[in-house]
Amino acid sequence: MFTGAVAALLCGALITALMVTVDRFTVGSLTEEIRAAGERVAIQMGQGRLDYPLADYPHRNVQVVDSRGAVVASTPQLQGKPPMAKFVPEHKSATSVVCGGVFPTRQCDIVVAQRAQRGDEHWIVYASSPTIAPWADPQLAGLIGGAVALLAVGITYLGNRVATASLRPVKAIRTELDEINANCPARRVPVPPTDDEIHDLATSVNHTLSRLHTALKQQRQMVADVSHDLRTPITAIRAEVEDALYAPHETSVTRLGSTLMGGLDRLQAITHDLATMAKLDSGAPGTREPIVLSDLVAAELRARRTTKQVEHALDSDVLVAGDRSQLTRLLASLVENAERHAHTTIKVTVRKQPGDPSDDQRFPDGVAVLEVLDDGPGIPPHKWELVFQRFTRLDAARTRDAGGAGLGLPIARQIAEALGGTLHIEDSPSGARFVLYLPILADASASTRTG
């Protein structure tokens, strides 16, 4: 409906403009014919004669007016009537439109006045013809109206056909989206072969569906892994409680409590890791404050109780911007991982390094480097990235109580990336060498020593 109305409006405007152009052309041609008729009579006046009839067409009028303003000759329609116009040409001729007067009521005529020489006197020859309105001809008016209606219908029909053809891929995309659900997340919408916005839309939708599919797979895997990790301590706690209920005389509250605390500690660690991971996944920004990295590392190492020997080399002028709790969580994950695999010794290093090790301009003012190295069996290079996947444990023979939930290193990498840095494994003579790169805080004046 709207398309038809707009088409009719545009066609009407086009036809109106066309008719105005045609009308001006017609009026111009008619004026030239009237001028020619009057000029013929004026030439005859100059030759001292006057041929009748004065006009060649019945609807055309001619008057000859002498120097005193009296009509001396006229076509039959204006016999006995005063001059058809009062204007006098300043030069050879002049043109005007005259309505009423000697002409019928509501009729307007184009009048051309021309000077004629009659002896020593200057006479005037008036020639006129009625103006023709574009709609005066019923056949022309009907033709124009029919053309407008036909053009509007044609544009509306073609517009609907083009719109329907253009939106057919959109309908296919919508239909496919309506059918995609959790049971078939791998389905994708059809991409039209055209190089237009709909093609780009379908491509973007498929990219979004791919990301959602990946997120759904990760969520399902995460639920399965969390269920598996929670099942172990819950099963152990249940077994201890059932044993105590069946044989209460063989245990005590102190012994039962100390046994259960291990499982509860593991449950608490898992839930804490899950909460931290959910916060990082949401993209919630942490606080940013200047932190002297060596002070934070030294404080964390002093607070830890470990049976392994810890060696450290900490530069005192390494300043970074970050969230203290997140950095502490990152360092704790690296140290805990090193404690779990080290034979005897853990080495922790903090230093400043100029330049950008990743060559991607993320560290324009230099790099703060934190290394945690253990003397354990190490990690094969082809598994370096695998350890940063959630719920990943490389040592299948290790018990889950000794091995952790598999969330510490993924959380550590997420924290590093949230702070604008990187965390990965690098080559080392022995053991596993985890290296953290963070941007140096350039404004040294902000180095309020915190630790």
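These legends describe close-up views of a predicted model.

**View 1. The protein chain as a whole.**
The protein chain has 451 residues, and buried residues make up 35% of them. Its secondary structure comes to 8 helices and 12 strands. The accessible surface of the chain is about 26300 Å², and carbon and sulfur atoms account for 58% of that surface. Among contacts between residues at least 6 apart in sequence, 61% join residues at least 24 apart.

**View 2. The disulfide between Cys99 and Cys108.**
The structure holds 1 disulfide. Its partners are Cys99 and Cys108, with an S to S distance of 1.8 Å. The torsion about the S-S bond of Cys99 and Cys108 is about 105°, so this disulfide is right-handed. Are the two cysteines buried, partly exposed or exposed? Cys99 has a relative accessibility of 47% and therefore counts as partly exposed. Cys108, with a relative accessible area of 25%, is also partly exposed. The class covers values between the cut-offs of 20% for buried and 50% for exposed.

**View 3. Pro130 and its contacts.**
Pro130 lies in strand β5, which runs over residues 121-130. The relative accessible area of Pro130 is 22%, so this proline is partly exposed. Which residues does Pro130 contact, leaving aside its neighbours within four places in sequence? They are Leu30, His59, Gln107, Cys108 and Asp109. Val98 and Pro130 are 32 residues apart along the chain, and their C-alpha atoms are separated by 9.4 Å.

**View 4. A nonpolar patch on the surface.**
Which residues form this nonpolar patch? The patch is made of Leu14, Leu151 and Ile155. Together these residues have about 250 Å² of accessible area. Leu151 lies in helix α2, which spans residues 138-179. With a relative accessibility of 34%, Leu151 counts as partly exposed. A residue needs over 30% relative accessible area to be part of a patch, and the 34% of Leu151 is therefore enough on this point.

Notes:
Residues are numbered from 1 along each chain as its sequence is written. This is a predicted model: local features need pLDDT of at least 70, side-chain atom pairs count only at pLDDT 80 or more; totals for chains, interfaces and linings use all residues. Side-chain values use heavy atoms; hydrogens and water are left out. Patches are made of residues with over 30% relative accessible area and no salt bridge: like charges are joined within 9 Å, nonpolar side chains (Val, Leu, Ile, Met, Phe, Trp, Tyr) within 5 Å. Accessible areas come from the Shrake-Rupley method with a 1.4 Å probe; for residues, only the protein chains shown count as cover. A salt bridge is a side-chain nitrogen of Lys or Arg within 4 Å of a carboxyl oxygen of Asp or Glu. Helices (H or I, at least four residues) and strands (E, at least two) are DSSP runs, numbered from the N terminus. Buried means under 20% relative accessible area, exposed over 50%, partly exposed in between (1.4 Å probe, protein chains only). A disulfide is a pair of cysteine sulfur atoms within 2.5 Å. Contact means heavy atoms within 4.5 Å.
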